[in-house]
Amino acid sequence: MREVLPTPARILGPAGLIPFAGLALLALASPEWRPEALRGLLAYGAAIASFLGAVHWGLALHPAPGEEGAAWGRIGLGVLPALAAWVALMLPVYRPGLIALAAILVATALVETLAARRGLVPAPYLRLRWGLSLGAAACLLLGAAA
């Protein structure tokens, strides 16, 4: 039997791309609103990068039988995207921060792919994560190009 994500994850996950797309398009289309759109895109990207860690904290705090030894790696993966996102927020101009956030989202998905190969991340989550990460990273890079 194929694992399936809960319906809210399948609906709310993709809906989370709406602010990314809207802010990137606003930054491209409106020079007048570009600074606010880029600031919003940077802030939202950092919030999402931080949110990714919650998944791994949850897995570490309630491990499946036999996965107790993965706690350090999971908690580490839960903390690193937030710390990297904070650094991206602190950069003095938007473009490098947006590019850094795109890299953070993709790098986190890559690490999760390695974890999935060890059976530590559910396959349906990983499929969703890659779609969302690539969509968000594309929007962040569009914003950086604005």
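Start with Arg 129, which sits in helix α6. The model is a predicted one. Is Arg 129 buried or exposed? Its relative accessibility is 5%. Buried means under 20%, so Arg 129 counts as buried.

What does Arg 129 touch, beyond residues up to four places away in sequence? The list is Leu 52, Leu 105, Thr 108, Ala 109 and Glu 112. Several of these names come back in α5. Leu 105, Thr 108, Ala 109 and Glu 112 are among the buried residues of that helix.

Now follow α5 itself. This helix has 24 residues. From first C-alpha to last it reaches 35 Å, close to the 34 Å expected at 1.5 Å a residue. Its buried residues also include Gly 97, Leu 98, Leu 101, Ala 102 and Ile 104. Further along, Thr 113 and Ala 115 are buried too. What covers them? The cover includes α3, α4 and α6. After α5 comes Gly 119, with a positive phi near 80°.

Neighbours within four places in sequence are left aside here.

Step back to the largest nonpolar core, which has 22 residues. Which members touch the most others? They are Phe 20, Leu 41, Ala 49, Leu 98, Leu 101, Leu 105 and Leu 140. At least two residues of this core come from each of α2 (17-29), α3 (34-61), α4 (71-90), α5 (94-117) and α6 (123-145). Which helix gives the most? That is α3, with seven residues. A second core stands separate and has eight residues. Leu 120, Val 121, Tyr 125 and Leu 132 are among them.

End with a leucine in α4, Leu 89. Is Leu 89 buried, exposed or partly exposed? Its relative accessible area is 37%. Buried means under 20% and exposed means over 50%, so Leu 89 is partly exposed. Leu 89 still has contacts from elsewhere in the chain. Not counting residues up to four places away in sequence, Leu 89 touches Leu 42, Ala 43 and Ala 46. Take the pair Leu 89 and Leu 42. They are 47 residues apart along the chain. Their C-alpha atoms are separated by 6.8 Å.

Notes
Residues are numbered from 1 along each chain as its sequence is written. This is a predicted model: local features need pLDDT of at least 70, side-chain atom pairs count only at pLDDT 80 or more; totals for chains, interfaces and linings use all residues. Side-chain values use heavy atoms; hydrogens and water are left out. A nonpolar core is a set of buried Ala, Val, Leu, Ile, Met, Phe, Trp, Tyr and Cys residues joined through side-chain atoms within 4.5 Å. Buried means under 20% relative accessible area, exposed over 50%, partly exposed in between (1.4 Å probe, protein chains only). Helices (H or I, at least four residues) and strands (E, at least two) are DSSP runs, numbered from the N terminus. Contact means heavy atoms within 4.5 Å. The expected span of a helix is 1.5 Å times one less than its number of residues.
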